[in-house]
Amino acid sequence: MIRVTIQASKSAGGAPELTETRDLNTGEALVLGRAPGGTGIALAGEKASRRHFELVADMTGLSVADLGSTNGTRLAGQTITSARLDSGQVVQAGEWHITVTYEQVADAPAPAASFGSATRHITTSGATFDETQ
């Protein structure tokens with residue numbers, strides 16, 4: 001599981017106007033834009049597309065992919081369609097400068113399986129007993 005923290009501002013190096021943290025499982029995507037839908041992160045402003053870009057988790061980190069935005073998605077000053085994302089890099093979407101940090105975290109342990117009652121056979125001194133738990 002990848003824990004992603006987004007810090008976004010409308011000016012490069014400015015104080016964050018938006019901070020969110022999300023956990024993503026492998027293969028899961030997080031959409032950012034003016035109207036990202038579902039569990040996405042909304043970026044207010046005219047220059048961000050409704051579904052501007054997405055962050056996709058894999059076994060080792062994150063990738064960023066433009067979703068056909070009008071004004072493009074930039075990473076390290078370059079317009080990209082998709083790219084590997086290092087923790088701490090800044091993605092630009094419209095007027096937004098989004099610092100993306102992430103780390104791998106352990107998945108929550110699965111709940112213990114319940115199989116109802118069990119019978120254990122105990123043999124002692126030649127006699128067998130059944131014990132139900």
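**Close-up views of a predicted all-strand model**

Within the protein, 38% of the contacts with a separation of 6 or more are between residues 24 or more positions apart, a contact being heavy atoms within 4.5 Å. The model is a predicted one, in which local features need pLDDT of at least 70 and side-chain atom pairs count only at pLDDT 80 or more, while totals for chains, interfaces and linings use all residues. Residues are numbered from 1 along each chain as its sequence is written, and side-chain values use heavy atoms, with hydrogens and water left out.

View 1. The secondary structure comes to 0 helices and 13 strands, where helices (H or I, at least four residues) and strands (E, at least two) are DSSP runs numbered from the N terminus. Of the 133 residues, 32% count as buried, with buried meaning under 20% relative accessible area, exposed over 50%, and partly exposed in between (1.4 Å probe, protein chains only). The protein exposes about 8,000 Å², of which carbon and sulfur atoms supply 49%; such areas come from the Shrake-Rupley method with a 1.4 Å probe, and for residues only the protein chains shown count as cover. The mean pLDDT is 85, and 80% of the residues reach 70 or more, pLDDT being the predictor's confidence in each residue, from 0 to 100. Over residues 114-124 the pLDDT is below 50, although this stretch has 21 contacts in the model beyond near neighbours in sequence.

View 2. Leaving aside neighbours within four places in sequence, Leu62 is in contact with residues including Ile2, Val4, Leu24, Leu55, Val100 and Tyr102.

**View 3. Ser9 and the pairing of β1 with β11.** Ser9 lies in strand β1 (residues 2-9), and its relative accessibility is 4%, so Ser9 counts as buried. Strands β1 and β11 pair in the antiparallel sense over 8 bridges, two strands being paired if DSSP finds at least two bridges between them, and Ser9 stands opposite His97 in β11. A polar atom of the Ser9 side chain lies 2.7 Å from the backbone oxygen of Ser11. Not counting residues up to four places away in sequence, Ser9 touches Gly14, Ala15, Pro16, Glu17, Glu95, Trp96 and His97.

View 4. Strands β10 and β11 form a hairpin with 2 residues between them, and Gly94 in the turn has a positive phi of about 60°. The two strands run antiparallel and are joined by 5 bridges; Ala93 stands opposite Trp96 in β11, and the bridge partner of Gln89 in β11 is Val100. Strand β10 also pairs with β7 (residues 73-75) in the antiparallel sense over 3 bridges, with Leu75 having Val91 in β10 as its bridge partner.

View 5. Five strands in the order β4-β3-β5-β6-β9 make up an open sheet with mixed pairing. The edge strands are β4 (41-42) and β9 (82-85), each of which pairs on one side only. Inside the sheet, β5 and β6 pair in the antiparallel sense over 5 bridges, and Glu54 stands opposite Ala65 in β6.

View 6. Ser69 lies in the loop between β6 and β7, and because its relative accessibility is 12%, Ser69 counts as buried. The side chain of Ser69 has a polar contact of 2.5 Å with that of Asp66 and one of 3.4 Å with that of His52; a polar contact is a pair of N or O atoms within 3.5 Å, and within protein one must be able to donate a hydrogen and the other to accept it, with residues adjacent in sequence counting only if both atoms are side-chain atoms. Leaving aside neighbours within four places in sequence, Ser69 is in contact with Ser49 and His52. Ala44 is found in the loop between β4 and β5, where Ala44 and Gly33 are 11 residues apart in sequence and 7.7 Å apart in space, C-alpha to C-alpha. Not counting residues up to four places away in sequence, Ala44 touches Lys10 and Trp96.
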